[in-house]
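Look at the structure below and work through the questions that follow. Each answer ends on the name or value asked for.

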Amino acid sequence: MQKFKKFIGLVVPLDRANIDTDAIIPKQFLKSIKRTGFGVNLFDSWRYLDPGEPGMDPGTRKPNPEFVLNKAIYHGAEILLTRENFGCGSSREHAPWAILDFGLRVVIAPSFGEIFFNNSVKNGLLPIVMPATKVDQLFRETMATPGYKLTIDLERQMVTTPIGETIQFVVDPFHKHCLLNGLDEIGLSLQYVKEITAFEKERRQQQPWLFNL
Amino acid sequence: MSTAATLYDKLWRSHVVREDGDGTALLYIDRHLVHEVTSPQAFEGLRLNGRKLWRVDSILATADHNVPTTERSHGIVDPISRLQVDTLDQNCQEYGVTEFAMNDSRQGIVHVIGPEQGATLPGMTVVCGDSHTSTHGAFAALAFGIGTSEVEHVMATQCLTTKKTKNMQIVVDGTLEDGITAKDIILAIIGKIGTAGGTGYTIEYAGSAIRALSMEGRMTICNMSIEAGARAGAVAVDDTTINYIKGRPYAPQGERWEQAVTYWRTLTSDADAHFDKVVTLDVRDIKPQITWGTSPEMVSTIDGHVPDPAQETDPVKRMGIERALAYMDLAPNTAMRDIWLDKIFIGSCTNSRIEDLRSAANVVAGKHIAKNIKLAMIVPGSGLVKRQAETEGLDKIFKEAGFEWREPGCSMCLGMNDDKLAPGERCASTSNRNFEGRQGAGGRTHLVSPQMAAAAAIAGHFIDVNEVKN
């Protein structure tokens, strides 16, 4: 996982609530056994007018000109601004993989589906929870200002608007530590092999029926 | 501070290996269920990093998402699906993982076979790379869905790094009337609290109506906790729980059984335990539920109507309703019973257990599906559910009524195999998600109970199941 550094990024507004992981990456693309290559199918059924199947050459697809990610002014966007309960639904990690593969690095919303939120952090995608009124304000500013960019500073837990307004956000200290340092969580947990082994031994004695497959 | 604990508090505490000052804990995982879609990248991660599988006897694997529900003797035709299923078989073989492969009689939907085998037991932590892992909470287990990185984490460490959630109790009291099922209860709950209502909580379902439910019914309720935003839902242990588990293949026996039961009986919330949020419902107020939109909270009743967005004052919600009605091709104020259907799907980890099939068979016995129904299919949750249903003659009832009787799997709940809706087709489905494109690009899903799906198959449109039965 790459270290999450401070950056200034273009914002793309996706004005819908309850965007589920089926919409983020439809099921036909989950048949891959790899972690890469999902970006071309991000929001596939909204982004293209023709039905998408795995292995299609993206150059032959018909993009939906109405879909916000296809608009020229948002090309190169790195920050997705959206509404409540983003990433609800299935546990597919293909959703953050697709978002990152597309080139987005931050999602700002009033709330997130919990599994999606966790999956994002583990892959270096930063989900920022912001009050609905602030999200509203950012939507208004993004729509009114072509080329609207935000500065994302995870270290200081701060988003800065083009006119210098700062918005603080909350982030779990452990998540922050892992993101800033690009840490492999499994490696961290394996520091506690002794504790896990001791816990397991006691468990095996007290509830032997749990160790039975 | 009171020492009284909720069921969730007890389950949490008994699995904490270590905890940091900020509440980040290393939580021990007892049971890891694995399927073909969310595991290949995790096995690959282990290999790339030269890591071992921590405890192979904690894992039970099966192929369910991609498998065909028609004739299987020639394998899987779609090469991409086949590769994913073959990859699971190879990984299980290489690591020595217990797997019920496609042609094993015990194969089925991962959330059906865990409980069926006694591989899900009270007091366990149960995880799976699948959001409907919440199903197993019906056994007073702490069960939740995880992503592929977490699958790999559990494989390598037998633990997860996580934080405790808040406690929510949903109390459902009253006696269930004919035609009202666990599915109607959970849809009514989601309609009441919303799809983000449970975010940040573990839900414990309690009350006389929950106590009166079978394990199948409790599983249906816990299954859809995730549609209410909660990663986990649970029900306390009682005689119903114990009786269901007794004699199952992986359940303890003899002296160990007695020992286990004594412990399991403690897995209830203390009388004065604190819940951060309490929601109450009376089942007498619950009617047969049907979703009309593209989110499970967009739900009405058989005597209800599709909403009118003009009546909604919140602009984000209004836009949501307008989009949903456009996608579903429904006019505002349409009576739910005037919605006509093309397909019927009875199956999924929500409603594919023997009790679900019995209740649907009871509705369609001696009748035939309506002319406008292009396809009505029954997809049992496992090979063993299928066999049991056949022993009881349910397959004949369904076939005589015009239903197709299929092989077990996830099937048209998400259409990763060939079972899909065509664009514009409308389906009464016993599954759990009515998202856009969920059952096939452009397909339109209405979530209902097995009885209501069966009644809709006979009438061709939604109808109160009691009208069909009489």
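A nonpolar core is a set of buried Ala, Val, Leu, Ile, Met, Phe, Trp, Tyr and Cys residues joined through side-chain atoms within 4.5 Å; buried means under 20% relative accessible area, exposed over 50% and partly exposed in between, with a 1.4 Å probe and protein chains only. The model is predicted, so local features need pLDDT of at least 70 and side-chain atom pairs pLDDT 80 or more, while totals for chains, interfaces and linings use all residues. Residues are numbered from 1 along each chain as its sequence is written, chains are lettered from A and ligands numbered from 1 in the order in which they are written, and side-chain values use heavy atoms, without hydrogens and water.

Q: Which residues touch the most other members of the largest nonpolar core?
A: In soluble globular proteins, nonpolar side chains tend to be buried together. The largest core here has 104 residues. Those touching the most other members are Ile170(B), Val172(B), Ile189(B), Tyr205(B) and Trp264(B).

Q: Which helix gives the largest share of this core?
A: Helices are DSSP runs of H or I with at least four residues, strands are runs of E with at least two, and both are numbered from the N terminus. The largest share is eight residues. They come from chain B, residues 182–193, which is helix α6.

Q: How many residues are in the other core, with Ala23(A) and Leu325(B)?
A: This core lies apart from the largest one. Its members include Phe112(A) and Ile369(B) as well. The number of residues is 84.

Q: Why is the pair of Phe112(A) and Phe116(A) called stacked?
A: Rings of Phe, Tyr and Trp (its six-membered ring) pair if their centres lie within 6.5 Å; planes under 30 degrees apart count as stacked, over 60 as edge-to-face and the rest as tilted. Phe112(A) and Phe116(A) have ring centres 6.3 Å apart. The pair is stacked because the angle between the planes is 15°.

Q: Is Trp12(B) buried or exposed?
A: Trp12(B) lies in helix α1 of chain B, four residues from Tyr8(B). The rings of Tyr8(B) and Trp12(B) form a tilted pair, with 50° between the planes. Trp12(B) has a relative accessibility of 4%, so Trp12(B) is buried.

Q: Which strands are the edge strands of the seven-stranded sheet in chain A?
A: Two strands pair if DSSP finds at least two bridges between them. The order in this open, mixed sheet is β4-β3-β2-β1-β5-β6-β7. The strands that pair on one side only are β4 and β7.
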